[in-house]
Amino acid sequence: MAFEIPQDLHPDLMPLAWLLGRWEGRGHGDYPTIEKFEFGQQIDFSHNGKPYLHYVSQTYVVGEDGTKERPLAVETGFWRPKPDNKLEVVLAHPTGFAEVWYGEIDGAKVEMRTDVVARTATAKEVAAGHRLYGLVKGELMWAYDMAAEGQPLQPHLWATLIRA
């Protein structure tokens, strides 16, 4: 699918312009405290003319016929590019935790790590994260390593999405 950079895109967002739009696809999850699983995902990156991207990720259980059966996780936040290809990201989760991430933009690749993870009294213990996003042959590929529930930082989620 052809992609055009919006006329009203804030100049600070040019390094992240390749992310704009809706992405859909499938992913996989694994962690010592849970069983392996597969999921469907939709990620939306949008802008309103200000120097940040609004990000929403929704995952869901996929039936054998490929239909959405029920929701899994949701996260939303803001991706804020800074000078020298630096990136600040703030994410919130309805399960009771929020994260501040710092990273770098390198062409069509973003790599970031958590700086702060805050949680409510009832949220699961998430201690740290590392994320990698990249545009590979027109597909958005991403991976998330997590340290949680007493486990060290290790692979947890990964997916391949196409522009919808």
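Arg-22 is partly exposed, with 37% relative accessible area (buried is under 20%, exposed over 50%, partly exposed in between, using a 1.4 Å probe and protein chains only). This is a predicted model, where local features need pLDDT of at least 70, side-chain atom pairs count only at pLDDT 80 or more, and totals for chains, interfaces and linings use all residues. Residues are numbered from 1 along each chain as its sequence is written, and side-chain values use heavy atoms, leaving out hydrogens and water.

**Salt bridges**
- The structure has four salt bridges (a side-chain nitrogen of Lys or Arg within 4 Å of a carboxyl oxygen of Asp or Glu).
- Arg-22 pairs up with Asp-44, their closest N and O atoms 2.7 Å apart.
- Asp-44 sits in strand β2 and Arg-22 in strand β1, so this pair ties together parts 22 residues apart in sequence (strands are DSSP runs of E, at least two residues, numbered from the N terminus).
- Asp-44 is buried, at 17%.
- Arg-131 and Glu-75 also meet in a salt bridge, at 2.7 Å from N to O.
- That pair links strands β8 and β4, 56 residues apart.
- Arg-131 is buried at 3% relative accessibility, and Glu-75 is buried at 10%.

**Residues listed by UniProt**
- An unreviewed UniProt entry lists Thr-33, Lys-124 and His-156 under "binding site" (positions follow the numbering used here, feature names are shortened, and annotations may be inferred rather than shown by experiment).
- Lys-124 is in the loop between β7 and β8 and is partly exposed, at 41%.
- His-156 lies in strand β10 and is buried, at 8%.

Notes
Helix = DSSP H or I, 4+ residues; strand = E, 2+ residues; numbered from the N terminus.
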